Amino acid sequence: MDIATLHKKICVCQLCDLALSRRVAVPGEGPCPSRIMLIGEAPGKYEDESGRPFVGRAGKLLDEALIKAGIKRNDVFITSVIKCRPPENRKPKRCEIDACNPYLMAQMEILSPNVVCLMGNVAAQTVLGSQGIAALRGKIFSGRFLVTFHPAAVLRNRNLMDAFISDLKMANASALPVLSSAH
Ligand code: URA
């Protein structure tokens, strides 16, 4: 399946009750294939209105961090674990994450990113099955998974910004094509 076909399926998905409350689904956006894939938690109000990922306050902070890490937003694929906004921005339920997970896995397969940035506990737990990001962040797992903060956590605690930027820099450096040593 190609990414456009997958995203069309996501936009009409009825696999969980969030289909009843969403305005629009937010599949994600970015190049395909993609060197770097960023995964957040769930769309919020502005994402639900626009159909685009990370366009609200957390998105503005992500934009700032990407610039400081030397990464162009248009060069990375940005999505979330679940593609529809939970009412009142509550945490996604297990059944919603499970219903949506095949879409996330299919995106990873189609985009074949060199590095997958798991932003926050929900993304880290969904993809790696790990509890709590504290011990995991700032390291690359299985050659391509990097756990970092969710931009909303950095909004709440600006002291995390430098570490967030440094994680994004590490993702960017790890995603570079390996240069041949031939002269
Ligand atoms: N937070 C997320 O996890 N995803 C978005 O798209 C917006 C905010």
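What follows is a short exchange on one threonine, its helix and the sheet beside that helix.

Mentor: This is a predicted model, in which local features need pLDDT of at least 70, side-chain atom pairs count only at pLDDT 80 or more, and totals for chains, interfaces and linings use all residues. Residues are numbered from 1 along each chain as its sequence is written, and side-chain values use heavy atoms, with hydrogens and water left out.

Trainee: Is Thr126 buried or exposed?

Mentor: Thr126 belongs to helix H6, residues 121-128, where helices are DSSP runs of H or I with at least four residues and strands are runs of E with at least two, numbered from the N terminus. Buried means under 20% relative accessible area, exposed over 50% and partly exposed in between, with a 1.4 Å probe and protein chains only. The relative accessible area of Thr126 is 18%, so this residue is buried.

Trainee: Which backbone oxygen does the side chain of Thr126 reach?

Mentor: Contact means heavy atoms within 4.5 Å, and, leaving aside neighbours within four places in sequence, Thr126 is in contact with Val81, Ile97, Asn101 and Leu104. The side chain, for its part, reaches at 2.7 Å the backbone oxygen of Val122.

Trainee: Which strands stand at the edges of the sheet?

Mentor: The open sheet has five strands in the order S2-S1-S3-S5-S4, with mixed pairing, and two strands pair if DSSP finds at least two bridges between them. One side of each edge strand is left without a neighbour in the sheet, because each has a single partner strand, and these strands are S2 (77-80) and S4 (140-141).

Trainee: Which residue in S5 stands opposite Ile140?

Mentor: S4 pairs with strand S5 (residues 145-148) in the antiparallel sense over two bridges. Opposite Ile140, the residue in S5 is Leu146.

Key
Polar contact = N/O pair within 3.5 Å; in protein donor to acceptor, adjacent residues only side chain to side chain.
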